[in-house]
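Please open the model in your viewer and keep the selection panel at hand.

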Amino acid sequence: HIDVNSAFLSWSAVQRLRQGETLDLRTIPSIVGGDEQSRRGIVLAASLPAKHLGVRPGEPLFQAREKAPNLIVVPADFDCFLSMSRAMRRLLYDFSPLVEPYSIDECFLDYTGMEGLFGPPLQGAELIRRRIKDELGFTVNIGISGNKILAKMASDFEKPDRIHPLWPAEI
């Protein structure tokens, strides 16, 4: 299971850096959210510094501002998000012909039979993690197991930018 860390915020940061921005949104209290002027916006994604201040996805922007008055708010760019998601999936097809999107920022990859090309699952996962970071500019968590449920659970153990196995025998 491959899960992008703070996907909308990470993808917005990567896009802005590619366009010449020098400030990486991932390093400051920032969010992707709705329009503050309409007072209808919610937090779609938050940077780690924003999360450390208590800002959480799904909360209203005004509550996020109370926790982090200097919060940088950027609008959602769904064309960017779709493009980044597709780029990640194209890269994943280099590691398996069986890639199953789970959401815009998550996929399952069947690694069966790939060991001869990329090594054991942990080694293959490290190659995937590194290529996504180096080529696409964002980080992912990867959960490894013999089934989707355990792989998804493993990808949530510790974030960001981590790989975790969870085998049925360990349950």
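Begin by selecting Asp161, which is buried at a relative accessible area of 16%; buried means under 20% relative accessible area, exposed over 50% and partly exposed in between, with a 1.4 Å probe and protein chains only. The model is a predicted one, in which local features need pLDDT of at least 70 and side-chain atom pairs count only at pLDDT 80 or more, whereas totals for chains, interfaces and linings use all residues. Residues are numbered from 1 along each chain as its sequence is written, and side-chain values use heavy atoms, with hydrogens and water left out.

The side chains of Asp161 and Lys133 meet in a salt bridge, at 2.9 Å from N to O; the term denotes a side-chain nitrogen of Lys or Arg within 4 Å of a carboxyl oxygen of Asp or Glu. Because Asp161 lies in the loop between α7 and β8 and Lys133 in helix α6 (residues 121-136), the pair ties together parts that are 28 residues apart in sequence. Helices (H or I, at least four residues) and strands (E, at least two) are DSSP runs, numbered from the N terminus. Lys133 itself is partly exposed, with 38% relative accessibility.

Which backbone feature of Asp161 deserves a look at its phi angle? Asp161 has a positive phi of about 60° although it is not a glycine. Most residues other than glycine have a negative phi, and most peptide bonds are trans. Next, select Pro160, found in the loop between α7 and β8. The peptide bond from Lys159 to Pro160 is cis, with omega near -5°.

Lys159 forms a salt bridge with Asp156, their closest N and O atoms being 3.3 Å apart. Lys159 is partly exposed at 42% relative accessibility, and Asp156 is partly exposed with a relative accessible area of 40%.

**Helix α7**

Now select residues 148-155, which form helix α7 and include the buried residues Leu150, Ala151, Ala154 and Ser155. Viewed down the axis of α7, its buried residues fall within an arc of 135°, so they line one face of the helix; the arc is that of the directions from the helix axis to the C-beta atoms. Against what do the buried residues of α7 pack? They pack against β1 (2-4), β7 (140-144) and β8 (163-165), where contact means heavy atoms within 4.5 Å.

At the start of α7, select Asn147: one of its side-chain oxygens reaches to within 3.2 Å of the backbone nitrogen of Ile149.

**Asp105**

Move to Asp105, in the loop between β5 (99-103) and β6 (106-109). Asp105 is buried yet has no salt bridge, and Lys159, the nearest side chain of opposite charge, is 7.3 Å away. Here Lys and Arg count as positive and Asp and Glu as negative, while His and the chain ends are not counted. The side chain of Asp105 does make a polar contact with the side chain of Ser103, at 2.9 Å. A polar contact is a pair of N or O atoms within 3.5 Å; within protein, one must be able to donate a hydrogen and the other to accept it, and residues adjacent in sequence count only if both atoms are side-chain atoms. Leaving aside residues up to four places away in sequence, Asp105 touches Ile2, Asp3, Val4, Ala7, Trp11 and Met88.

**Ser30**

Select Ser30 in strand β2 (residues 30-33). Ser30 is buried, with a relative accessible area of 0%. A polar atom of the Ser30 side chain lies 2.6 Å from the backbone oxygen of Leu25. Residues up to four places away in sequence not being counted, Ser30 touches several others, among them Leu9, Ala45, Ser47 and Ile72.

**The cysteines**

Finally, select Cys80 and Cys107. A search of the whole structure finds 0 disulfides, a disulfide being a pair of cysteine sulfur atoms within 2.5 Å. Cys80 is in no disulfide, and the nearest cysteine sulfur, that of Cys107, is 16 Å away. Cys80 is buried at a relative accessible area of 6%, and Cys107 is buried at 2% relative accessibility.
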